[in-house]
Amino acid sequence: MKHNRFYTLICLITVLLESTSCAQDEFMEQGDNLPEGRYPLLISSVTLKAESNVQTTPKTRVSENPDGNSSVWDWDGTEKIGVQIYADEEAATFTLNNDRTLTADNILYWKNTQTTTVTAWYPVETEVSLANQSDKLAYVLKGSGEGNFDNPVALNFSHALAKVRVVFSDRITPELTPSMVSILAPTTCTVNKGVVTPGRHTDYIPMHRAWDNDGNIGYEANVTPNLTLKDNAFQLFVDGKIVNCSTTKVLTQAGQLHVITLTLNENVKEINVSDITDKEYTVSGNVYLKGDGNAKDLKLIMKPEAKLTIENVNLAPTTDGNAITCKAKATLR
């Protein structure tokens, strides 16, 4: 009896092994192809590649880190990304839940066992407005990750737009800090699976005012790549006036930060020494002082950050003291 039970067990194991062998042989006969609808795409993580950006107030789910050198993607349960396994085939939309999980609107399936690069993009809309970024920056992201039917895919995103940052030289006076800076660029772009094409309409786009870690003020906007910035590339609103500014040629590149430094000078006040009746004159702002070469009983007091250009002036004060006194840092030419 014991011998019979042992023989029966051996027979059962033999049958199971034969069945498994037949299933493997059938799978091998199919080559690299997988059964349709059997192996769904699984995404293990979604990350945003660090970029060089300045700190800004996070008014959008994609925002800048306080370190001023990277971006962060704060999922809020409403963001959606487009995902595709195979080119020219079906794409799916995934919702990025605030618990860091993803929900697929429709499921994508692997068709073979080969390792494939999965592409992704954000946003899923085909047209993105770049027109006004004074309140928040515009973002287009493109992602990818390698995987196969047996391994989840980690999607790594990077910026598909170019970032332009405008800063001002230390020669600019506080009262001249522009209340608004705009950049001449396309106001829209179309997005095809993360590939950006600029719109036809170009206008001055209000930029976002931001602060870096040192408290310096700058202005930023994300614009389409391959944009040439040169003549009248920027428009400033200063003291109630519109001023156009040019720059040396800059060609924007996707995912790159382009820092452009502008210098503003105050309007020059031209003054003739013969029109000065007092024996002391206080120089403020940017002054061009002209004389006739004759001696003038005059002292000049330079206010902080004042700029003075002298032409054919002969200062000959009759009282004790310096002919020119600087109260703080000033420029004399």
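User: Is Arg165 buried or exposed, going by its relative accessible area?
Analyst: Happy to start there. This is a predicted model, in which local features need pLDDT of at least 70, side-chain atom pairs count only at pLDDT 80 or more, and totals for chains, interfaces and linings use all residues. Residues are numbered from 1 along each chain as its sequence is written, and side-chain values use heavy atoms, with hydrogens and water left out. Buried means under 20% relative accessible area, exposed over 50%, and partly exposed in between (1.4 Å probe, protein chains only). Because its relative accessible area is 14%, Arg165 is buried.

User: Which residue meets the side chain of Arg165 in a salt bridge?
Analyst: A salt bridge needs a side-chain nitrogen of Lys or Arg within 4 Å of a carboxyl oxygen of Asp or Glu. For Arg165 the N to O distance is 3.2 Å, and the partner is Glu220. The two sit 55 residues apart, Arg165 in strand 11 and Glu220 in strand 17; strands here are DSSP runs (E, at least two residues), numbered from the N terminus.

User: Which residue is linked with Arg165 and Glu220 in a network of salt bridges?
Analyst: A search of the whole structure finds five salt bridges. The network that holds Arg165 and Glu220 also includes Lys163.

User: What is the N to O distance in the salt bridge of Lys111 and Glu89?
Analyst: Lys111 lies in the loop between strand 6 and strand 7, and Glu89 in the loop between strand 4 and strand 5, 22 residues apart. Lys111 is partly exposed at 46%, and Glu89 is partly exposed at 36%. Their side chains meet at 2.6 Å.

User: Which residue makes a polar contact with the side chain of Glu79?
Analyst: Glu79 is found in strand 4 and counts as buried, at 11% relative accessibility. A polar contact is a pair of N or O atoms within 3.5 Å; within protein, one must be able to donate a hydrogen and the other to accept it, and residues adjacent in sequence count only if both atoms are side-chain atoms. At 2.5 Å, the partner side chain is that of Tyr122.

Conventions
Helix = DSSP H or I, 4+ residues; strand = E, 2+ residues; numbered from the N terminus.
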